[in-house]
Amino acid sequence: MHIIVNSDVIHSGRPVATGLPKHIEQFCREAQSVGCVIVIPRTALLENDRHQERLVEEAIVKVENATQTLRDWGVELPQIQAKDVVRKKDFVEALSEAGIRVEVEDASLEDFQDAERRASLHLSPQPPNTKTDEMRDLVIWKIALRLAKKHGKAILVSRDVVHSHDRGAAEANAAGLLRADSLDEALDLLGRESPSAKLVHSILETIWPALLKAELPVPRQVAIRRVLKPDFTSTASGRANANFGFVIDGPEGEFAGRANVRQVASDCVYVALRDVTVNEAPWKNGQVELKFAGELPQVAASLGERLSDLEEIIGRQK
Amino acid sequence: MNLRMGSQIFRDVQIPLLWGERAVVQDKKGLLSVIDLSGERANPEIVGDQPAPETTFRPSVEGFVILKDGKELYSYNPTEKQLTSISLGLPECQITSSGTRVGSSEFSGNIISGFGVGIAVTPNGFAVGAPLPPGLAKLAT
């Protein structure tokens, strides 16, 4: 699978010579494990290179200032050339060192011409009522569509609304272009578990015996095909509550709905399923409620421990 | 409040770092807390580098994302001590031992004394030593 990345998901807050951000490195390893290739449009690479140059310049100034400060305080130092200390590193090389194959894709003349046409005529995928039509974003869109058609399927990872708006959905679907607005969502599309999906899976392992006992149409072993729009809260003791859509391949067919799972007492778990369907038809009255003894996964330390340090700081204002 | 945070020394300030309408404080262990002051009462969203109870969040590869009414507000990376706006329209903010970064600007080794807000970050920029904006909830509860 080819994964096209926009600059907004690969930007780092520090020069890449100091190391890739951990989340990008982790994403590269996960994607590489399923044979993916990362594609950086030349447009995105130029933008990222400019960003990196600025970070390097800032780092050089910091080293020079630090050196001067030490000398001002009488510390003897050898001659230090900040430009030699602050190394530049090629971003593509840094990504490749994470173990994944990386390609840089240049826009074709046709890509540029089509982007120009879309920008001038305010065409899809730019959302309506936007004030400006960014050529850069449209060039990346064209590259992503072209690669998806060429390879049968591709993923575009971009936070930009131009790339994620519904207006581009039909064209993306027709080209086989999947869209993700984060590296996490890209992992979900790859079938690799994102941190959210992993937490849902952990919660399911806790509640699954209760689902089987209630004779819900789920397989004997924990298995979920899709997790939809999960969100979580934690209790004061740090247990995870969760809200998520689910699609499960059960013995009677596709079992789907929306789940709310809460730790309602220290040893009691409550599960509410809504809009429950089997093969898209309502299952019973579409609602299930269960309560059973158990503990949901721990996602945070107990609040008491964390709060005392915070109160020590802000409590002084009283 | 008197506090050392991101290599800045804040003396006699009410809020050391105001990120939009959110107070950011760092405890002696280096853990960040973020408190939403936009409502009538201060509402902790992050306490000690982790989501506060009843705050909606979603774990991510970078750390976690804070949501409100289904909308992603910002992400927090506990390893990098970095706050990244998703829908708040604010510049990125990072607290390290060597400095405090707001967007592309870095503050290091300053003493900020006697202001309502030590560093105030808005969608349009930032100010060092600013009055407390009106309408915010009290930080101490």
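**Exercise 1.** How many salt bridges does the count between chain B and chain A give?

*Solution.* The model is predicted, and the count between chain B and chain A comes to two salt bridges. One of the residue pairs joined in this way is Glu54(B) with Arg262(A), whose closest N and O atoms are 3.5 Å apart; since a salt bridge requires a side-chain nitrogen of Lys or Arg within 4 Å of a carboxyl oxygen of Asp or Glu, this pair qualifies. Turning to polar contacts, nine residue pairs are counted between chain B and chain A, with both residues at pLDDT 80 or more.

**Exercise 2.** Describe the extent of the interface, and find which residues and elements of chain B contribute to it.

*Solution.* Begin with the contacts: 35 residues of chain B are in contact with 37 residues of chain A. The area buried between the two chains is about 3100 Å², and carbon and sulfur atoms give 55% of that area. Of the area that chain B buries against chain A, 19% is supplied by Pro53(B), Phe57(B) and Val61(B), which is more than any other three residues supply.

Next, consider the polar side of the interface together with its elements. Alongside the nine residue pairs in polar contact between chain B and chain A, the elements that give two or more residues to the side of chain B touching chain A are E4, E5, strand E7 (50-51) and strand E8 (57-59) of chain B. E8(B) gives the most, with three residues. By class, this side of chain B has 14 nonpolar, 12 polar and nine charged residues.

**Exercise 3.** Which residues of E4(B) lie on one side of the strand, and which on the other? Place the strand among its partners as well.

*Solution.* In a regular strand the side chains alternate between the two faces of the sheet. For E4(B), Arg22(B), Val24(B) and Gln26(B) are on one side, whereas Ala23(B) and Val25(B) are on the other, and all of these are buried, which leaves both faces covered. Strand E4 of chain B, residues 22-26, is accordingly described as mostly covered, with five of its five residues buried.

The hairpin of E4(B) and E5(B) has five residues between the strands, and Gly30(B) takes a positive phi near 85°.

Conventions
Residues are numbered from 1 along each chain as its sequence is written. Chains are lettered from A and ligands numbered from 1 in the order in which they are written. This is a predicted model: local features need pLDDT of at least 70, side-chain atom pairs count only at pLDDT 80 or more; totals for chains, interfaces and linings use all residues. Side-chain values use heavy atoms; hydrogens and water are left out. Buried means under 20% relative accessible area, exposed over 50%, partly exposed in between (1.4 Å probe, protein chains only). Helices (H or I, at least four residues) and strands (E, at least two) are DSSP runs, numbered from the N terminus. Two strands pair if DSSP finds at least two bridges between them. Contact means heavy atoms within 4.5 Å. Buried area is the accessible area (1.4 Å probe) that two parts lose on being put together, summed over both. A polar contact is a pair of N or O atoms within 3.5 Å; within protein, one must be able to donate a hydrogen and the other to accept it, and residues adjacent in sequence count only if both atoms are side-chain atoms. Ala, Val, Leu, Ile, Met, Phe, Trp, Tyr, Cys and Pro count as nonpolar, Asp, Glu, Lys and Arg as charged, and the others, Gly among them, as polar.
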